[in-house]
Amino acid sequence: MRRNLWLYRRCLGAQLRATLEYEGDFWIMSVAALLTQGMGFVFLWAIFRAIPQINGWRFWDVVLIYSLVALTEGVAVLLAQGAWTMAVTVNLGGLDTVLVRPFSPLLQVLSSQIGMNGLGNLVLGGSLFVAALVHVHATWTPVRIATAALVFACAPLVKIGLNILTNCSAFWLKTPWSMFPFAFHTLGELARYPLGIYGLAVRLVLSVVLPYAFMSYFPATAVLSLGSAPWLGLLTPVAAAWCLLLGRWAFRRGLTRYESSGS
Amino acid sequence: MARIEADDLRKVFRRPDKGPGLAGSLRHLVERRYTEKAAVDGISLRVDAGEAVAYVGPNGAGKSTTIKLLTGILVPTSGEVRVNGIVPHRHRIENARGVGVVFGQRTSLWWDLPVRDSFELLRDMHGLGAAEYRENLDRLVEMLQIGDLLDSTARRLSLGQRMRCDLAAALLHAPPIVYLDEPTIGLDIEVKDRLRTFLRQVVAGGTTLVLTTHDLGDIEDVCSRLVIIDQGRIVHDGGLRQVIETYARERVMHADLASRPVSLSGVAARLPGATVTEERDGLGVAVAFDPLAHTAAAVLSALQQEAEVVDLRIEEPAIEDVVRRMYAGQLDAAPGERTGT
């Protein structure tokens, strides 16, 4: 485990160095990330100017959920962006070299790219997160602080696990594009708002089938004691472990189908 | 002791059966048809420690697929494979510690990093100690002459430079088994020669080597055993000398001449058994000869007595010729050793 973490950091570090070969790319991506997340925030603010409460959620409560999505996205992009390379890697037979190195193939794939636009997400998400924590109506008892630390730390793992799972579709689809997993990523964006505003089908998908809501909404309910079942948010670590295991399972299944490429 | 053991190995690929053009692709959307093709169709192979095996065959014969099965990259459809006593596709990490792999068409170096950084990443993955790493690296740098390439990014290397660095990357952990898939493809003669010298040294050091190639030169220089595969099956497995002497004995010397008048029959008379033909409108001569009957020096001297030779090259038979001739009803090289059809 320690060896894996160390090697993971080594690979990411190497990618960081490789990425800095292309400086222009870094700045464009960072600004793009800031703008995208910033736009969403302006949208939220505009809505709450008209409606002060949605299902009992006040403006800063929703900002907390929103900032969690930006933060988890930032962490996933910065630390595990390699998941999104799977389509191309599988299509072009790039796993060949990965599979003959003595380090977990999945960890090699995940650390094969570092998304510097993650920094943009982290900066904006972090600022909104701090501002939201200051403004929400919550008394910060030690228990609440411990709960927050645990569920917020596990939230990004949910996203990383789901990224792996959806991107593993590459082993079955064999196309060099990530359209299919990206469609699910877009679905996951729905988790920026309180789940209660959606119909039953969407709620089921986001909390059970592909539990994107565990990267933002559920952790927030646990910390703010809001929503119909705040205790559900305490299951965030379980959801994170479940998503990561699903991802690993899909990757292993996928490897048995891997066909490399000619010659 | 057998390092590599494969028993009745099969790999079947399912390919969508589409008609020609866009119409065919569209029809496939509603009417899904597939054909199954066995790229590797029942291969059994045993390679002992220290053996150097050339694994050859025409394009699409299943060479690369076999290598990918032996290295655990692909999971076989059926059959058994064991390398260093473990099943490679079930224990990939363990397997990777004991083998080195080079794909001629693909680099294992990190594209945007200096070569040295790639080596250090591999060092850490293999868990090599500092002293062991330095010793191995120094040896490889010297043998492959890559000292001044270590600080360039892989992206900037020429094909020949990249191949040498890839070989070093595959051998850093001094694996007992090395697989090379088309290691000399696209390289010029000088680099090829240097690589072959290097591979001979590696084999002399006791490493087991499996090499796929199109180039008969690679095989003659490095390997002692030849496995020929066609359509996924082994058609010959045995000594190399024997096959080459039976099917690939003929060399062709092409000579460019200073002036036109040359007596073809005069050259032929000096070299009984050789075939002499005119080339380039009489300004060149091609002599096909058997090296056991005439040395290259004798052929050259025969030519020089008839004309002034300004340039020459010697053409070796290609492995495709060997396979083709073996098929042309001449499959008597080693009838006892043949498996499959």
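Predicted model: local features only at pLDDT ≥ 70, side-chain atom pairs only at ≥ 80, totals over all residues.
Local features need pLDDT of at least 70 and side-chain atom pairs count only at pLDDT 80 or more, while totals for chains, interfaces and linings use all residues. Residues are numbered from 1 along each chain as its sequence is written, chains are lettered from A and ligands numbered from 1 in the order in which they are written, and side-chain values use heavy atoms, with hydrogens and water left out.

Chain B holds 12 helices and 13 strands, taken as DSSP runs numbered from the N terminus (helices H or I, at least four residues; strands E, at least two). Its C-alpha atoms fill a box of roughly 65 × 55 × 50 Å along the principal axes. Of the 341 residues in chain B, 52% are buried, meaning under 20% relative accessible area with a 1.4 Å probe, protein chains only. The chain exposes about 15300 Å², with carbon and sulfur atoms supplying 48% of that area (Shrake-Rupley method, 1.4 Å probe). As for contacts (heavy atoms within 4.5 Å), 71% of those in chain B between residues at least 6 apart in sequence join residues at least 24 apart.

Turning to the interface, 35 residues of chain B are in contact with 30 residues of chain A. About 2900 Å² is buried between the two chains, 58% of it from carbon and sulfur atoms; this is the accessible area (1.4 Å probe) that two parts lose on being put together, summed over both. The rule finds 5 salt bridges across this interface, each a side-chain nitrogen of Lys or Arg within 4 Å of a carboxyl oxygen of Asp or Glu. Arg15(B) pairs with Glu259(A) in a salt bridge, their closest N and O atoms being 3.2 Å apart. On the chain B side, strand E1 (2-16), helix H2 (63-70), helix H3 (92-98), strand E5 (99-103) and helix H4 (115-126) each supply at least two residues. H4(B) gives the largest share, 8 residues. By type, the side of chain B that touches chain A divides into 14 nonpolar, 7 polar and 14 charged residues (Ala, Val, Leu, Ile, Met, Phe, Trp, Tyr, Cys and Pro count as nonpolar, Asp, Glu, Lys and Arg as charged, the others, Gly among them, as polar).

Then there is Arg196(B), found in helix H7 (residues 189-204) of chain B. Leaving aside residues up to four places away in sequence, Arg196(B) touches Asp215(B), Gly217(B), Asp218(B), Asp221(B) and Val222(B).

Terms used. Buried < 20%, exposed > 50% of the residue type's maximum accessible area, 1.4 Å probe, protein only.
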